[in-house]
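Please open the structure in a viewer and keep the selection panel at hand. The stops below proceed from one selection to the next.

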Amino acid sequence: MTKIEVDLPDRIDSEISRLAEQGEFLNRNEAVEDFLTRGLQAYDVESDTTTEGEADGDLFTDAIDEQQDPAALDDDMGDEPTF
């Protein structure tokens, strides 16, 4: 296992210590390893793991592209209210 030295702001160091002391992690090393792993996974763009049923693409753009102008609809809806 590779060893590295990192300078952390005091607030991050104390937060890691607090989480380890509360039992969220076995020790500080495990906490740091978990945080680094999660951070690297957040930047991992090569392994796109979209599962079935999940939306892909830009949801904002997709929603805009699907919008229609109600005045341009050809359906004769009539003037009767629908319930």
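Is glutamate 15 buried or exposed, or does it count as partly exposed? At 36% relative accessibility, glutamate 15 counts as partly exposed; buried means under 20% relative accessible area, exposed over 50%, and partly exposed in between, with a 1.4 Å probe and protein chains only.

The model is predicted: local features need pLDDT of at least 70 and side-chain atom pairs count only at pLDDT 80 or more, whereas totals for chains, interfaces and linings use all residues. Residues are numbered from 1 along each chain as its sequence is written, and side-chain values use heavy atoms, with hydrogens and water left out.

**Stop 1: within helix H1**

Side chains of opposite charge can pair when their charged atoms come close. Both residues belong to helix H1, and because they are three residues apart there, about one helical turn separates them. Helices (H or I, at least four residues) are DSSP runs, numbered from the N terminus. Arginine 18 is partly exposed, its relative accessible area being 33%.

**Stop 2: from helix H1 to helix H2**

Next, select aspartate 13 and arginine 28. Their side chains meet in a salt bridge at 2.5 Å, N to O. Aspartate 13 lies in helix H1 (residues 10-21) and arginine 28 in helix H2 (residues 28-42), so this pair ties together parts that are 15 residues apart in sequence. Aspartate 13 is partly exposed at 30% relative accessibility, and arginine 28 is partly exposed at 33%.

**Stop 3: within helix H2**

Move to aspartate 34 and arginine 38, whose side chains form a salt bridge of 2.9 Å, N to O. How many salt bridges does the structure hold? The total is three. Aspartate 34 and arginine 38 are four residues apart in helix H2, and therefore about one helical turn separates them. Arginine 38 counts as exposed at 55% relative accessibility, whereas aspartate 34 counts as partly exposed at 22%.

**Stop 4: a nonpolar patch**

Finally, select Ile4, Val6, Leu8, Val32 and Leu36. Together they form a nonpolar patch on the surface, with about 440 Å² of accessible area. Patches consist of residues with over 30% relative accessible area and no salt bridge; like charges are joined within 9 Å and nonpolar side chains (Val, Leu, Ile, Met, Phe, Trp, Tyr) within 5 Å. Accessible areas come from the Shrake-Rupley method with a 1.4 Å probe, and for residues only the protein chains shown count as cover. Leucine 36 is found in helix H2 and is partly exposed at 48% relative accessibility.

Key
A salt bridge is a side-chain nitrogen of Lys or Arg within 4 Å of a carboxyl oxygen of Asp or Glu. Helices (H or I, at least four residues) and strands (E, at least two) are DSSP runs, numbered from the N terminus.
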